[in-house]
Amino acid sequence: QLQASGGGLVQPGGSLILSCAASGSIFRVAVMAWYRQAPGKQRELVARIDSFGTSDYSVSVKGRFAISRDDAKNTVALQMNSLKPEDTAVYYCKAQYASFDAWGQGTLVTVSS
C-alpha cells in the first residue's frame, strides 16, 4: 500500500517536496516511481529510482526534480524545484517489482501565481 502526500499550491519558481510512504518489505526491492497526470493529458513518468539508488528522469523535469528513497523508513520523496505552471498535475507514486505493482492515491500539485 502506498500513501502519497505533500501536494499543494506553490508559486512559479517555488519548491515542493512530495513523499510516498509504503507498507510492506517488497518495496525495499521495488522500483519506485513518480508519475503525474495533468488535466486532459495522459499519465506520464516523472522520475524513478531502483533499489540500488539509480534514478532517471523525464526530459521535462531533469535538473529541477530529484527523487530519493529511504528504505529504512520505506519512503520515497520527490524534491521539486523551479516549478512551472506546466508542472501542475496530480502526482502519483508507484512501486513495481516483477509482476507486482501498486499505485498511491495521488496528490495534487498546483503551480500558479
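Strands are DSSP runs of E with at least two residues, helices are runs of H or I with at least four, and both are numbered from the N terminus. The model is predicted: local features need pLDDT of at least 70, side-chain atom pairs count only at pLDDT 80 or more, and totals for chains, interfaces and linings use all residues. Residues are numbered from 1 along each chain as its sequence is written, and side-chain values use heavy atoms, without hydrogens or water.

**View 1. Val29, Tyr97 and Phe100 form a nonpolar surface patch.**
The patch covers about 250 Å². Its members have over 30% relative accessible area and no salt bridge; nonpolar side chains (Val, Leu, Ile, Met, Phe, Trp, Tyr) are joined within 5 Å, like charges within 9 Å. Areas come from the Shrake-Rupley method with a 1.4 Å probe, and for residues only the protein chains shown count as cover. Tyr97 belongs to strand S9, which spans residues 89–97. Tyr97 is partly exposed because its relative accessibility is 42%. Here buried means under 20% relative accessible area, exposed means over 50%, and partly exposed lies in between.

**View 2. Ala98 has a positive phi in the loop between S9 and strand S10.**
Most residues other than glycine have a negative phi. The phi of Ala98 is near 55 degrees. Strand S10 covers residues 100–103. Ala98 counts as exposed because its relative accessible area is 67%.

**View 3. Arg36 and Glu44 meet in a salt bridge through their side chains.**
The N to O distance is 2.7 Å. A salt bridge needs a side-chain nitrogen of Lys or Arg within 4 Å of a carboxyl oxygen of Asp or Glu. By this rule the structure has 5 salt bridges. Arg36 is buried because its relative accessible area is 5%. Glu44 has 33% relative accessibility, so Glu44 counts as partly exposed.

**View 4. Arg64 and Asp87 pair across two loops.**
Their side chains form a salt bridge of 2.8 Å, N to O. Arg64 sits in the loop between strands S6 (55–57) and S7 (65–70), and Asp87 in the loop between strand S8 (75–80) and S9, so the pair ties together parts that are 23 residues apart in sequence. Both residues, Arg64 and Asp87, are buried. A network of salt bridges links Arg64 and Asp87 with Arg36 and Glu44.

**View 5. The cavity is lined by Phe27, Met32, Arg69, Asp71, Asn74 and Thr75.**
The structure holds 1 cavity of 30 Å³ or more. The largest cavity has a volume of about 30 Å³. A cavity is a set of points, on a 1 Å grid over the protein atoms alone, where a 1.4 Å probe fits but cannot get out; lining residues have an atom within 4 Å of a point. Points are joined across faces, edges and corners, and the volume is the space filled by probe spheres set on them. The lining of the largest cavity divides into 2 nonpolar, 2 polar and 2 charged residues. Nonpolar covers Ala, Val, Leu, Ile, Met, Phe, Trp, Tyr, Cys and Pro; charged covers Asp, Glu, Lys and Arg; the others, including Gly, are polar.

**View 6. Arg69, Asp71 and Asn74 are among the residues of the cavity lining.**
The side chains of Arg69 and Asp71 form a salt bridge of 2.9 Å, N to O. Arg69 is buried because its relative accessible area is 17%. Asp71 has a relative accessible area of 27%, so Asp71 is partly exposed. Asn74 lies in the loop between S7 and S8. Asn74 is not a glycine, yet has a positive phi of about 55 degrees. Asn74 is buried because its relative accessible area is 11%.

Ala38 is buried because its relative accessibility is 19%. Its C-alpha is 19 Å from that of Gly14, 24 residues apart along the chain. Met80 has a relative accessible area of 0%, so Met80 is buried. The C-alpha atoms of Met80 and Gly13 are 9.9 Å apart, with the two residues 67 residues apart along the chain. Trp103 counts as partly exposed because its relative accessibility is 34%. A separation of 24 Å lies between the C-alpha atoms of Trp103 and Ser15, 88 residues apart along the chain.

Note on methods:
Buried means under 20% relative accessible area, exposed over 50%, partly exposed in between (1.4 Å probe, protein chains only). On a 1 Å grid over the protein atoms alone, a cavity is a set of points where a 1.4 Å probe fits but cannot get out, and a pocket is an open set with protein on both sides within 12 Å along at least five of seven lines; lining residues have an atom within 4 Å of a point.
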